[in-house]
Amino acid sequence: MDSLILSVRLAACVSAILLLIGMPLAYWLAYWNWRGKFLLEAIVALPLVLPPTVLGFYVLIALGPHGPVGKISEALFHRGLAFTFGGLVFASVLYSLPFTVQPLIASFEAMDRRLLDASALLGASRLRTFAKVILPLSLPGIVTAVVLSFAHTLGEFGVVLMVGGNLPGITRTASIDIYDRVQSMEYTEANRMALVLLIISFVVLSAVYGVNRRIGRRVWASWAAR
Amino acid sequence: MGLVGSEINPPVLKARLQKARSGATHPSFVLDVALEIPSGITIVFGPSGAGKSTLLDCIAGLLKPDGGGIEINGEVLLEVQQRIDVPPAKRKIAYVFQSLALFPHMTVEQNVAYGLADLPAPQRDSRVKSMLEAFRVQQLALRKANEISGGEQQRVALARSLATSPQVLLLDEPLTALDEGLKKSIMEDLRRWNAAQNIPILYVTHSRAEVDALGERVIVLDQGKIISTGTPHEVLDAPRRSSLAQASGFENLFSGVVVELREADGVMRVRLVKGACEIETPLGHAALGTTVRLAIRAGDILLATERPHGLSARNVTAGRIISLQQRGTMFIAQVAADAGGAVVFTVHLTLGAKRALELEVDRPVWLVIKTYSCHVLED
């Protein structure tokens with residue numbers, strides 16, 4: 001069960017960090033038009049199509065003692081990030097980025113622009129407009145974003161294996177645990193863990209659909225249709 | 001062109017704006033206007049795609065004009081050449097959109113309080129209360145904005161934008177969807193509110209009926225240009241330009257010379273250049289002896305088979321029908337008003353009138369035209 005707790009902890013950290021990064025990023029991509037925007041959009045979407053091993057490989061290099069992220073970490077904490085929980089978080093944030101940003105963009109873009117104009121004309125700053133109008137009206141999109149990135153991080157395998165290796169209690173997540181058990185023919189153990197992940201994923205996705213239906217928005221549907 | 005009622009009130013809002021629009025969502029045109037708007041209601045009238053909403057968006061700062069400037073009470077909000085561009089949040093301009101854009105997740109009270117974040121709570125509460133009362137929606141204070149009727153939403157939208165004590169109010173076809181009674185009562189509340197505040201209100205509409213009902217100063221906008229300004233009567237019934245006259249359905253246009261001014265009666269007599277016909281018209285700005293253009297609607301001319309008497313109409317002229325054409329359920333008669341046939345009036349008749357009067361080509365008739373049906377266009 002250690003591996004499952006580790007997975008949940010990782011997923012929770014990653015979705016919290018992603019929400020903080022994803023909101024301004026999605027706001028920027030949804031409401032600003034500038035020439036190089038398509039490049040940033042492509043970069044954000046890249047993890048959707050990239051093999052996890054490719055992403056994992058480059059992240060591993062970046063985290064290593066000679067990589068830029070690794071050097072920063074060495075300078076700040078006197079230790080590298082490869083094969084640590086911090087490294088897993090860093091890699092997972094990149095890997096799940098589109099799962100946070102895209103539902104947020106869809107939700108921000110669906111907003112009636114006249115509401116934002118009205119807010120500005122009533123003297124509100126961009127920050128106040130965001131907090132008082134965009135945020136509450138994008139709640140279904142935000143829930144979708146958090147839940148999807150949580151579920152996606154929970155189930156990741158390739159990136160974690162590349163970056164974290166397989167250290168019990170540190171980087172051995174549930175999906176890697178399942179792989180391990182199957183390798184060593186422990187099918188009962190593997191099945192138990194797999195079933196737990198299956199149930200969590202199902203519950204989480206039901207929650208997304210349920211929230212979106214209740215609030216009457218089709219953010220998730222519009223995102224899925226992109 | 002562009003001065004509206006400045007002799008009554010000094011202009012508060014001055015704007016010169018150029019903005020090219022093109023695209024799939026709206027027709028292409030170049031907005032190019034100069035306005036000086038005094039306090040009180042000014043109507044911006046024009047067909048869809050004339051640039052009315054673009055004009056309001058530029059004034060509010062939601063659209064960036066290509067050139068020009070805006071000032072309110074002497075304070076410069078925009079001067080494109082000097083790169084001055086005060087953002088919408090700091091312009092103190094209230095703007096009620098056609099869609100109203102009430103915040104659907106907030107109560108009526110929260111909507112109205114939205115623009116008052118800087119006020120201390122007690123003052124804010126009392127301002128909200130008085131705005132809700134002024135627009136008679138106090139009983140809805142705790143309802144969600146998307147759960148009240150269209151007319152109520154309209155009132156809340158006005159209360160919300162006026163709560164911030166703006167210097168100018170822009171209204172983009174806000175009442176189009178409402179029935180007449182509701183429209184009137186809301187406008188009365190707005191007028192009552194503005195009697196105390198006395199700010200300029202720009203009211204955009206494409207509805208001729210609304211212009212007549214509001215009866216204020218009008219600016220006529222077409223294809224991005226101001227083509228006329230004045231009172232609804234002056235602008236829409238007596239357009240100053242022949243092109244507009246034709247566009248507004250004046251079938252009869254004549255050149256004439258002012259031969260007599262009777263200022264006490266508020267009328268003047270105009271002798272048509274061609275032919276010997278004289279017509280009494282309302283007093284215009286034209287001086288004695290100047291040439292003016294007369295515009296008369298074909299539907300405003302009566303025909304009689306005998307010389308009429310006991311009529312209020314001041315223009316009674318003998319004539320002869322030279323042609324009659326049926327157009328649907330209407331007859332179009334050409335009537336020569338003198339022997340030479342130099343002055344020909346176009347007259348619209350119903351089928352019944354033609355039958356009852358037994359009108360035929362060559363038949364002598366009397367033309368009857370009210371003084372106020374004769375519109376003077378000053379070239």
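From the N terminus on, the elements of chain A run α-α-α-α-α-α-α-α-α-α-α-α. That comes to twelve helices and zero strands. Helices (H or I, at least four residues) and strands (E, at least two) are DSSP runs, numbered from the N terminus. This is a predicted model, in which local features need pLDDT of at least 70, side-chain atom pairs count only at pLDDT 80 or more, and totals for chains, interfaces and linings use all residues. Residues are numbered from 1 along each chain as its sequence is written, while chains are lettered from A and ligands numbered from 1 in the order in which they are written.

Stay with chain A. Of its 226 residues, 40% count as buried. Buried means that 20 or more other C-beta atoms lie within 10 Å of the residue's own; 12 or fewer makes a residue exposed, anything in between partly exposed, and C-beta atoms are placed from the backbone. Contacts in chain A with a separation of 6 or more come to 73% from residues 24 or more positions apart. Two residues are in contact if their C-beta atoms, placed from the backbone, lie within 7 Å.

One helix pair deserves a look. Helix H1 (residues 2-31) and helix H8 (residues 139-154) of chain A have axes that come within 8 Å and cross at roughly 140°. Axes are lines fitted to C-alpha atoms, for helices over the stretch in contact, and angles run from 0 to 180 degrees between N-to-C directions. H1(A) and H8(A) are therefore oblique to each other. Angles under 35 degrees count as roughly parallel, over 145 as roughly antiparallel, 65 to 115 as roughly perpendicular, and the rest as oblique. The crossing of H1(A) and H8(A) is right-handed. In a right-handed crossing the near helix is turned clockwise from the far one by less than a right angle; anticlockwise makes it left-handed.

Which residues meet there? H1(A) brings residues including Ser7(A), Leu10(A), Val14(A), Leu18(A) and Gly22(A). H8(A) answers with residues among them Ala145(A), Ser149(A), Phe150(A) and Leu154(A). The residues of this contact divide into ten nonpolar, five polar and no charged. Ala, Val, Leu, Ile, Met, Phe, Trp, Tyr, Cys and Pro count as nonpolar, Asp, Glu, Lys and Arg as charged, and the others, Gly among them, as polar.

Now cross to chain B. Here 15 residues are in contact with 14 residues of chain A. Strand E7 (residues 93-96) of chain B gives the largest share of chain B's side, three residues. That side divides into eleven nonpolar, four polar and no charged residues.

Past E7 comes a backbone point to check. Leu100(B) sits in the loop between E7 and helix H2 (108-113) of chain B. Phi of Leu100(B) is near 70°, a positive value in a residue other than glycine. Leu100(B) is buried, with 21 other C-beta atoms within 10 Å. Arg136(B) also has a positive phi, about 55°, and is not a glycine. The loop between helix H3 (121-134) and helix H4 (150-162) of chain B holds Arg136(B). With 14 C-beta neighbours inside 10 Å, Arg136(B) counts as partly exposed. Most residues other than glycine have a negative phi.

Next, the sheet. Five strands of chain B form an open sheet in the order E14-E13-E12-E15-E21, with antiparallel pairing. Two strands pair if DSSP finds at least two bridges between them. Strand E14 (278-282) and strand E21 (375-377) of chain B are the edges, each pairing on one side only. The twist averages 45° from one strand to the next. Strand E15 (residues 291-296) of chain B pairs with E21(B) over three bridges. There, Ala295(B) has His375(B) as its bridge partner.

Within strand E13 (residues 267-272) of chain B lies Val267(B). Val267(B) is partly exposed, with 17 other C-beta atoms within 10 Å. Its C-alpha atom is separated by 4.4 Å from that of Leu283(B), 16 residues apart along the chain.

Strand E17 (residues 315-327) of chain B is joined by six bridges to strand E20 (residues 364-369) of chain B, running antiparallel. Thr317(B) stands opposite Leu367(B) in E20(B). Seven bridges join E17(B) to strand E18 (residues 330-336) of chain B, also antiparallel. Arg327(B) has Met330(B) as its bridge partner in E18(B). Two residues lie between the strands of this hairpin, where Gly328(B) takes a positive phi near 65°.
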